[in-house]
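Dear colleague,

Please find below the structure that I am handing over to you, together with its sequence. My findings follow directly after it.

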Amino acid sequence: MARPRTPRAKAAVEASDNKNPQRFKGRKEPKANGALGAPPKWIADTDTIKAKSAWQLFHKELPWLNESHRMLVGIAANIQGRIMAGQEGGVQAMNLLRQMLGQMGATPADATKITVADDDEETDDLLD
């Protein structure tokens, strides 16, 4: 089975687009309308779920996510928010969260490949 493609924004954060530029030459990827941004109004923190806090955690720890990932991040934030509030996640919810984290590039294997931009660099430049 073929190896999944790394999104260009993630490759820019990892600097793998510079290491292997031929992989990205001529690749046409959909343009995002902007950064991930603030959580939507329907995502909130309550006593039983900390979805807004989970969204902000994903936004901070996964800088390559953009506006086109908002639905996926919303679902993951709801599951992670329940865990952060101390609720039982259940096997199915935990497995879904694990799969979603893999889709977003947040697995332990991916974490070792990511380098975060210096404070003086603009993160938005990495996403263009």
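Two residues are said to be in contact when heavy atoms of theirs lie within 4.5 Å. On that basis, among the contacts in the protein chain with a separation of 6 or more, 59% are made by residues 24 or more positions apart. Please bear in mind throughout that this is a predicted model.

Overall composition

The protein chain contains seven helices and zero strands. Read from the N terminus on, its elements follow the order α-α-α-α-α-α-α. The chain has 128 residues, of which 31% count as buried.

Helices H3 and H4

The axes of H3 and H4 come within 7 Å and cross at roughly 120 degrees. H3 is therefore oblique to H4, and the crossing of the two is right-handed. On the H3 side, the contact is made by Ala51, Ser53, Ala54, Trp55 and Phe58. On the H4 side, the residues involved are Arg70, Val73, Gly74, Ala76, Ala77, Asn78, Gln80, Gly81 and Met84.

Trp64 lies between helix H3, which covers residues 51–61, and helix H4, which covers residues 70–84. Is Trp64 buried or exposed? Its relative accessible area is 4%, so Trp64 counts as buried, the cut-off being under 20%. The side chain of Trp64 reaches the backbone oxygen of Met104 at 2.8 Å. Trp64 can also be placed relative to Gly105: the two are 41 residues apart in sequence, and their C-alpha atoms are 9.0 Å apart in space.

Asn66 is found in the loop between H3 and H4 as well. Asn66 has a relative accessibility of 13% and therefore counts as buried. Its side chain is joined to the side chain of Ser68 by a polar contact of 2.5 Å. Which residues does Asn66 contact when its neighbours within four places in sequence are left aside? They are Ala32, Gly34, Ala35 and Leu36.

Helices H4 and H5

H4 also meets H5. The axes of these two helices come within 10 Å and cross at roughly 135 degrees. H4 is therefore oblique to H5, and H4 passes H5 in a left-handed crossing. From H4, the residues that take part are Leu72, Ile75, Ala76, Ile79, Gln80, Arg82 and Ile83. Their partners in H5 are Ala93, Met94, Leu96, Leu97, Met100 and Gln103.

Ala93 belongs to helix H5, which spans residues 91–103. With 13% relative accessibility, Ala93 counts as buried. When residues up to four places away in sequence are not counted, Ala93 touches Ile79 and Arg82. Ala93 and Ala76 are 17 residues apart in sequence, with a C-alpha to C-alpha distance of 9.4 Å.

In brief, H4 has an oblique arrangement with H3 and with H5. The crossing with H3 is right-handed, whereas the crossing with H5 is left-handed. Trp64, Asn66 and Ala93 are buried.

With kind regards

How values were computed:
Residues are numbered from 1 along each chain as its sequence is written. This is a predicted model: local features need pLDDT of at least 70, side-chain atom pairs count only at pLDDT 80 or more; totals for chains, interfaces and linings use all residues. Side-chain values use heavy atoms; hydrogens and water are left out. Helices (H or I, at least four residues) and strands (E, at least two) are DSSP runs, numbered from the N terminus. Buried means under 20% relative accessible area, exposed over 50%, partly exposed in between (1.4 Å probe, protein chains only). A polar contact is a pair of N or O atoms within 3.5 Å; within protein, one must be able to donate a hydrogen and the other to accept it, and residues adjacent in sequence count only if both atoms are side-chain atoms. Axes are lines fitted to C-alpha atoms, for helices over the stretch in contact, and angles run from 0 to 180 degrees between N-to-C directions. Angles under 35 degrees count as roughly parallel, over 145 as roughly antiparallel, 65 to 115 as roughly perpendicular and the rest as oblique. A crossing is left-handed if the near helix is turned anticlockwise from the far one by less than a right angle, and right-handed if clockwise.
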